[in-house]
Amino acid sequence: MKKILLIGKLNNVMNETNKFLSQFFHVQLCSENKNVLEGMLKIVNPDLVLISLIGAYQMDSSVFFLLNEQYGQVPVLTIGTKEECDKFSSYYEMDQFENLIRPIKNTEIMDAICKKLHLDEKELEKEEETTSKKKRILVVDDNGTTLRTMKAMLEDFYEVAVAISGAQAMTSIGKKRPDLILLDYEMPICDGKMTLEMIRADEEMKNIPVVFLTAINDRANIEAVLKLKPEGYFLKPPIKERLLAEIEKLLNKK
């Protein structure tokens, strides 16, 4: 399944676009913050980048510079009015960038993506039927290397989404419910404990099985993790065979 990085401010337009495209592609949401984007590009390794230019006057042009300088082989589609894309007009002189004029239908966005990636929409629909049967795993960790490792470990068997913070995890869960969450216990600001508490406080999320990942192997830490009563926990880095077996066991309980 082709991977699309969808960049922009979270709003109804973004959510609708994401919901539609997720039927056919693996879509990962990302803010327009350059530092966040830089990390997500390395983790997701997208086939195409799609940028919503709503609020473009606040968007840092270094985002475009980054995409052109380090990811020049990745096609970039933007969605915006002529006035919104004028801020980045110099970049549209390059073949990498193309703007789709708002208002635009999701089917038209789909057509443009297929054209950029040289895809047949009928073949995509067949692929979607197969992919939709895969269970969805959300991996939450503030370490980019860990996310890349976990994604590579799981993506042959599951649909894998990633989040680099507890806040981003909650957004991801809201847009598309995962079947299981692998959650880093030691994260800054909003740690694993706080994230789990937010998940369990939400009526629609509280029954999603959560497995903690922890890098600290001492009795006090393990006891603290177990007190939260997760469905399981693994020391990082987890052994692939053991992790896959545990995930399969938990998913079969549902």
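The structure is a predicted model, in which local features need pLDDT of at least 70 and side-chain atom pairs count only at pLDDT 80 or more, while totals for chains, interfaces and linings use all residues. Residues are numbered from 1 along each chain as its sequence is written, and side-chain values use heavy atoms, with hydrogens and water left out.

## Overall form

The secondary structure of the protein comes to eleven helices and ten strands, where helices (H or I, at least four residues) and strands (E, at least two) are DSSP runs numbered from the N terminus. The radius of gyration is 19 Å, close to the 18 Å that the globule rule gives for 254 residues, so the protein is as compact as a globular protein of that length; this radius is taken over C-alpha atoms, and the rule is 2.2 Å times the number of residues to the power 0.38. Taken along the principal axes, the box filled by the C-alpha atoms is roughly 60 × 40 × 35 Å.

Of the 254 residues, 48% count as buried, a term that means under 20% relative accessible area, with exposed meaning over 50% and partly exposed lying in between (1.4 Å probe, protein chains only). The protein exposes about 12,800 Å², of which carbon and sulfur atoms supply 50%; accessible areas come from the Shrake-Rupley method with a 1.4 Å probe, and for residues only the protein chains shown count as cover. Among contacts (heavy atoms within 4.5 Å) between residues at least 6 apart in sequence, 63% join residues at least 24 apart.

## The sheet from β1 to β5

Five strands form an open sheet with parallel pairing, in the order β2-β1-β3-β4-β5; two strands pair if DSSP finds at least two bridges between them. Strands β2 (26-30) and β5 stand at the edges with a single partner strand each, so one side of each is left without a neighbour in the sheet. From one strand to the next, the twist averages 20°. Five bridges join strand β1 (residues 3-7) to β2 in the parallel sense, and the bridge partner of Leu5 in β2 is Gln28. Helix α1 (residues 12-21) lies across β1, β2 and β3 (48-52) and runs at about 160° to β2, where axes are lines fitted to C-alpha atoms, for helices over the stretch in contact, and angles run from 0 to 180 degrees between N-to-C directions.

Glu98 lies in strand β5 (residues 97-101) and is partly exposed, with a relative accessible area of 33%. Not counting residues up to four places away in sequence, Glu98 touches Val76, Leu77, Thr78, Tyr92 and Lys116.

## The sheet from β6 to β10

A further open sheet of five strands has the order β7-β6-β8-β9-β10, again with parallel pairing. Its edge strands are β7 (159-163) and β10 (232-235), each of which pairs on one side only. Strands β6 (residues 136-140) and β8 (residues 180-184) run parallel and are joined by four bridges, with Val140 standing opposite Leu183 in β8. Helix α8 (residues 166-175) packs on this sheet, touching β6, β7 and β8, and its direction makes about 165° with that of β6.

Thr214 is found in strand β9 (residues 210-214) and counts as buried at 0% relative accessibility. Leaving aside neighbours within four places in sequence, the contacts of Thr214 include Tyr185, Asn221, Phe234 and Lys236.

The largest nonpolar core has 44 residues, among which Leu154 and Leu182 touch the most other members; such a core is a set of buried Ala, Val, Leu, Ile, Met, Phe, Trp, Tyr and Cys residues joined through side-chain atoms within 4.5 Å. Beyond four places in sequence, Leu154 touches residues including Ile137, Val160, Leu182 and Ile247.

## Backbone features in loops

| Feature | Angle | Loop |
|---|---|---|
| Cis peptide bond, Arg102 to Pro103 | omega about -5° | Pro103: between β5 and α5 (106-117) |
| Cis peptide bond, Lys236 to Pro237 | omega near -10° | Pro237: between β10 and α11 (240-253) |
| Positive phi, Ile189 | phi about 65° | between β8 and α9 (192-201) |
| Positive phi, Lys229 | phi about 55° | between α10 (219-227) and β10 |

Ile189 counts as exposed at 84% relative accessibility, and Lys229 counts as exposed at 66%.
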